[in-house]
Amino acid sequence: MGDKVYGQAIILNGGSGSFAEFVAANIANAAHAPKTIDFLKAAALPLAGASAVQAIEDAIKLKKGYKILIHGGAGGIGSIAIQLAKSIGAQVATTVSEKDVSFVKELGADIVIDYHKQQFDKDLKDFDAVLDLVGGDATAKSIKVLKKGGILVSLAGRPDEALAQKSGVTAMGQMTVTDTKHLDRLAELVDKGVIRIHVDKVFTIDRSLEAFTYAESSHRGESSSHDEIDVELVVTHV
């Protein structure tokens with residue numbers, strides 16, 4: 001009783017949904033929350049954080065010295081992925097818009113590509129991995145920057161496996177699993193100081209519609225498919 005927990009209450013995973021003072025959640029999609037942050041920051045973690053951990057550690061199996069390209073590094077998943085990749089000792093390149101260049105550099109990105117002005121597939125080569133969070137043309141172009149035996153993991157659609165096979169690389173889509181295993185690992189990383197959480201904006205629960213409008217308008221503000229397609233909304237009870 002009284003444990004501080006976090007996770008997902010999504011109905012598809014046996015929960016009751018959220019946007020309420022009390023919710024029911026499947027225990028398989030919950031875990032003890034990080035001890036070093038408050039509920040506000042913990043609420044922004046489960047989907048974005050579990051997605052990054054699953055991709056970087058489980059699918060890519062990133063190692064020290066690897067070169068990884070992370071598309072959409074300024075978003076929820078991307079910002080966590082950059083920090084996790086750097087903690088492992090990888091060299092990190094990322095694509096963002098000009099306004100986010102300073103932010104991702106502060107996170108530790110070694111190479112920052114402004115997709116409005118640069119073509120990442122022309123500037124980068126011989127990468128071990130790509131984490132694709134934007135989809136569209138970026139997915140196929142990303143295969144060109146991988147070296148033989150490299151891997152592309154996409155959270156933005158199913159990559160062209162035939163093209164990948166022809167290029168001698170592995171390409172796979174990811175369906176994120178927000179289970180206790182990944183949430184425990186995420187909490188460990190946060191409490192060790194490996195991952196810092198950035199909350200863009202907070203809305204009280206009576207402003208839920210405004211929160212969704214804000215999220216949609218934020219994405220419409222950028223015209224390129226290189227914008228990361230994840231948004232974390234933190235809505236608090238009045």
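This is a predicted model: local features need pLDDT of at least 70, side-chain atom pairs count only at pLDDT 80 or more; totals for chains, interfaces and linings use all residues.
**Entry 1: H2 against H3**

I started with helix H2, residues 46–59, and helix H3, residues 76–88. At what angle do H2 and H3 pack? I get about 40 degrees, with the axes 8 Å apart. Angles under 35 degrees would count as roughly parallel and 65 to 115 as roughly perpendicular, so I log H2 and H3 as oblique to each other. For the handedness, I noted that H2 passes H3 in a right-handed crossing.

Next I listed who makes the contact. From H2, I have Ala48, Gly49, Ser51, Ala52, Val53, Ile56 and Glu57. From H3, the list reads Gly76, Ile77, Ile80, Ala81, Leu84 and Ile88.

**Entry 2: Gln174**

Where is Gln174 found? I place Gln174 in the loop between strand E8 (170–173) and helix H8 (180–191).

Is Gln174 buried or exposed? Its relative accessibility is 10%, and the cut-off for buried is under 20%, so Gln174 goes down as buried.

I also found a polar contact between the side chains of Gln174 and Thr176, at 3.3 Å. Then I skipped the neighbours within four places in sequence and looked at what else Gln174 is in contact with. That gave me Ser51, Gln54, Ala55 and Ala59, plus Val153, Ser154 and Leu155.

**Entry 3: positive phi, Lys61**

I then turned to backbone angles. Lys61 is not a glycine, yet I read a positive phi of about 55 degrees for this residue. Lys61 sits in the loop between H2 and strand E3 (67–71). With a relative accessible area of 51%, I have Lys61 down as exposed; the cut-off is over 50%.

**Entry 4: positive phi, Asp126**

Asp126 was my other stop: phi is near 60 degrees, again a positive value in a residue other than glycine. I find Asp126 in the loop between helix H5 (120–123) and strand E6 (127–132). How does Asp126 count at 44% relative accessibility? I wrote down partly exposed, because the value falls between the buried and exposed cut-offs, under 20% and over 50%.

Technical notes. Residues are numbered from 1 along each chain as its sequence is written. Side-chain values use heavy atoms; hydrogens and water are left out. Axes are lines fitted to C-alpha atoms, for helices over the stretch in contact, and angles run from 0 to 180 degrees between N-to-C directions. Helices (H or I, at least four residues) and strands (E, at least two) are DSSP runs, numbered from the N terminus. Angles under 35 degrees count as roughly parallel, over 145 as roughly antiparallel, 65 to 115 as roughly perpendicular and the rest as oblique. A crossing is left-handed if the near helix is turned anticlockwise from the far one by less than a right angle, and right-handed if clockwise. Contact means heavy atoms within 4.5 Å. Buried means under 20% relative accessible area, exposed over 50%, partly exposed in between (1.4 Å probe, protein chains only). A polar contact is a pair of N or O atoms within 3.5 Å; within protein, one must be able to donate a hydrogen and the other to accept it, and residues adjacent in sequence count only if both atoms are side-chain atoms.
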